[in-house]
Amino acid sequence: MITLIVGTNRPGSNTRKVARHVEEIYATLKVPLHVLDLAQLPPEIFSPSSYAEKPKSFLPFSDAILRSAGLHVVTPEYNGSVPGVLKYFIDMLKFPESFEKRPVCFTGLGAGIWGALRPVEQLQAIFGYRNAYVYPDRVFLPKINDLLDDAGRLKDPELLQRLKSQAEGFVDFVERLQKTRLRG
Ligand SMILES: Cc1cc2nc3c(=O)[nH]c(=O)nc-3n(C[C@H](O)[C@H](O)[C@H](O)COP(=O)(O)O)c2cc1C
């Protein structure tokens with residue numbers, strides 16, 4: 001199973017809209033996918049006591065990471081970086097087993113012209129530090145508000161193709177590293 005992390009909890013986020021395309025692509029590839037939307041995080045996880053003891057309601061999130069053959073993170077750019085909630089989510093996960101030797105892939109989007117290059121590179125540093133296997137083919141979606149139509153769908157078939165190629169390549173990468181077959 002691949003786990004797709006929707007990297008913000010902002011209501012109505014464009015990240016969720018892009019993540020929906022990524023979900024559909026994995027469905028077409030017949031790859032089992034679990035979606036972790038940070039908008040669904042239980043409020044208790046934000047209590048300072050969570051550093052020492054995780055609330056039971058967080059278990060579905062932390063266990064999904066541990067059960068994943070690979071992780072696909074879709075992140076927006078907030079203040080030249082990753083959303084605080086995404087970094088906090090990472091900080092709440094079990095150390096070191098959550099990311100150790102786990103394949104991970106990044107898609108970024110932003111309102112500006114860099115398409116979340118900064119947060120994606122920051123995530124590569126974080127996951128590299130945590131000994132994850134970083135998939136090198138990244139996708140950036142700049143000026144995201146111009147790329148989506150009124151229904152929240154990406155308008156440019158070339159971008160959809162880029163997301164598809166990324167997912168296909170990532171599935172190969174995961175299958176080789178984990179010596180498993182993901183495609184049904
Ligand atoms: C708190 C905050 C900070 C932001 N900072 C940046 C930024 O530094 N660079 C940028 O290109 N867009 C920035 N944006 C715009 C987001 O990239 C934009 O909202 C985009 O749609 C992706 O985020 P979303 O999933 O919240 O919609 C920011 C948005 C928010 C809410």
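## Packing of α3 and α4

Let's start with two helices: α3 (84-92) packs with α4 (residues 117-129) at an angle of about 5°, and their axes are 13 Å apart. Here axes are lines fitted to C-alpha atoms over the stretch in contact, and angles run from 0 to 180 degrees between N-to-C directions. That makes α3 roughly parallel to α4 (angles under 35 degrees count as roughly parallel). Helices are DSSP runs of H or I with at least four residues, strands are runs of E with at least two, and both are numbered from the N terminus.

On the α3 side, Leu86, Lys87 and Ile90 make the contact, and on the α4 side Leu123, Ile126 and Phe127 do; contact means heavy atoms within 4.5 Å. By class, five of these residues are nonpolar, none is polar and one is charged. Leu, Ile and Phe count as nonpolar and Lys as charged.

## About the model

This is a predicted model, in which local features need pLDDT of at least 70 and side-chain atom pairs count only at pLDDT 80 or more, while totals for chains, interfaces and linings use all residues. Residues are numbered from 1 along each chain as its sequence is written, and side-chain values use heavy atoms, with hydrogens and water left out.

## Backbone features in the loops

Most residues other than glycine have a negative phi, and most peptide bonds are trans. The loop between α3 and β4 (103-109) holds Pro96, which a cis peptide bond with omega of about 0° joins to Phe95. Lys101 is in the loop between α3 and β4 too, and its phi is positive, about 55°.

Lys30, in the loop between α1 (14-28) and β2 (33-37), has a positive phi near 60°. Lys30 counts as exposed because its relative accessibility is 56%, whereas Lys101, at 48%, counts as partly exposed. Buried means under 20% relative accessible area, exposed over 50% and partly exposed in between, with a 1.4 Å probe and protein chains only.

Definitions and conventions. Angles under 35 degrees count as roughly parallel, over 145 as roughly antiparallel, 65 to 115 as roughly perpendicular and the rest as oblique.
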